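Me: I have a structure open and would like to learn how to read it. Could you take me through a few features?

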Amino acid sequence: MSSTQPKAFIDPAELNRAIPLSDQEFYQIRDWLRGQSGIHLADIKKSMVVGRLQKRLKALQIPTFAAYLKLIHQADQNAERQTAVNLLTTNETYFFREEKHFQFLEQQVLPAVQSRDNFKVWSAAASTGEEAYSIALTLGHLWGQQSSWQVMGTDINTAVLQRAQKALYPLDAKDRIPLHLLKAFCLRGIGQETGWLKISSEISSHVSFMQANLFSLQIKLPLFDVVFLRNVLIYFELEDKKKIIQNVVRQLKPGGWLLVGHSESIHGYHDDLKQHRPSCYQYMPASRS
Ligand SMILES: C[S@@+](CC[C@H](N)C(=O)[O-])C[C@H]1O[C@@H](n2cnc3c(N)ncnc32)[C@H](O)[C@@H]1O
């Protein structure tokens, strides 16, 4: 007897079916991602790759990873390549993460600055922007909004940058922002932004975002006084980490600071970087004899 119940448009069993990823396909995706971004996927990341990409395959009605690999190798598929990179990067971040760096900025770096007007900070793996706004909140509190200091956030992932540009965060972000900064520079969203925390325009007007690939920096960037390069080097192998450090140091003003994640030592990666304390390095190009 045939059922009179309407059938789901897409069979739920089909939606839940895992698309198999062979070892060979995994290695091809790994090599491809490394070529695009420098990111190295260890063998244990195979199930992560399935988890992150298979929804995309299903949305495109592509039945196998082999067919998807073919697609992203086609010359006219830049947008799909970007989508795949967006899906494969890990973007965890939060306000005032590793807060000692913000204290270092406030207590060691800023008091020695001579010109506030040309002061530039780079959040070089900015993700959804919390790091860039944490820097800007620190600067806004100490220097006010009158001087023309700037914070630039860049990332390889275009989806996170779109979110960063909105300066809007879930309300529970407030728990990580120091109270005096929350009071001075954060707003409760209204209308369409109800339920969100908004960074005030006094702060966000000093912050800009753009895409940049640290592995092959092709865009023209200014020279910076301070670079936050945190919790991104862990995704690269040693030689590629060194290459990224070379690329980043080229963007530092002499005497400028490079801050890396607390677990990411770059000791010995660059002759002109002097370690001031763990994870805080100063670019001293004249220091070689
Ligand atoms: C874990 S998040 C770190 C965010 C922030 N720096 C922090 O410490 O909270 C790492 C970010 O690095 C970005 N990333 C990975 N490879 C990159 C590359 N080659 N160029 C630029 N950004 C990259 C990812 O897209 C991701 O948003």
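Me: In which helix is Q54 found?

Reply: Q54 sits in helix 3, residues 46-59. Helices here are DSSP runs of H or I with at least four residues, strands are E runs of at least two, and both are numbered from the N terminus. A word on the background: this is a predicted model, where local features need pLDDT of at least 70 and side-chain atom pairs count only at pLDDT 80 or more, while totals for chains, interfaces and linings use all residues. Residues are numbered from 1 along each chain as its sequence is written, and side-chain values use heavy atoms, with hydrogens and water left out.

Me: Is Q54 buried or exposed?

Reply: Buried means under 20% relative accessible area, exposed over 50%, and partly exposed in between (1.4 Å probe, protein chains only). At 16%, Q54 is buried.

Me: Which residues is Q54 in contact with, beyond its neighbours within four places in sequence?

Reply: Contact means heavy atoms within 4.5 Å. With those neighbours set aside, Q54 touches R17, A18, I19, V49 and F65. Its side chain also reaches the backbone nitrogen of I19 at 2.9 Å.

Me: Now helix 2. Which of its residues are buried?

Reply: They are E25, F26, I29, R30, W32, L33 and S37. These residues lie on the same side of helix 2, because they cover an arc of only 165° around the axis; the arc is taken from the directions from the helix axis to the C-beta atoms. Q24, D31 and G35, on the other side of helix 2, are exposed.

Me: What covers the buried residues of helix 2?

Reply: The cover includes helix 3, helix 4 and helix 5. Just after helix 2, G38 takes a positive phi of about 85°.

Me: Which residues touch the most other members of the largest nonpolar core?

Reply: In soluble globular proteins, nonpolar side chains tend to be buried together. A nonpolar core is a set of buried Ala, Val, Leu, Ile, Met, Phe, Trp, Tyr and Cys residues joined through side-chain atoms within 4.5 Å. Of the 47 residues in the largest one, V227, L229, I245, L258 and I266 touch the most other members. Among the elements giving two or more residues to this core are helix 2, helix 3 and strand 7 (224-229). Domain 1 (12-88) and domain 2 (100-287) each supply at least three residues, with bounds from an automatic or database domain assignment.

Me: And how much of the whole protein is buried?

Reply: Of its 289 residues, 48% count as buried.

Technical notes: Polar contact = N/O pair within 3.5 Å; in protein donor to acceptor, adjacent residues only side chain to side chain.
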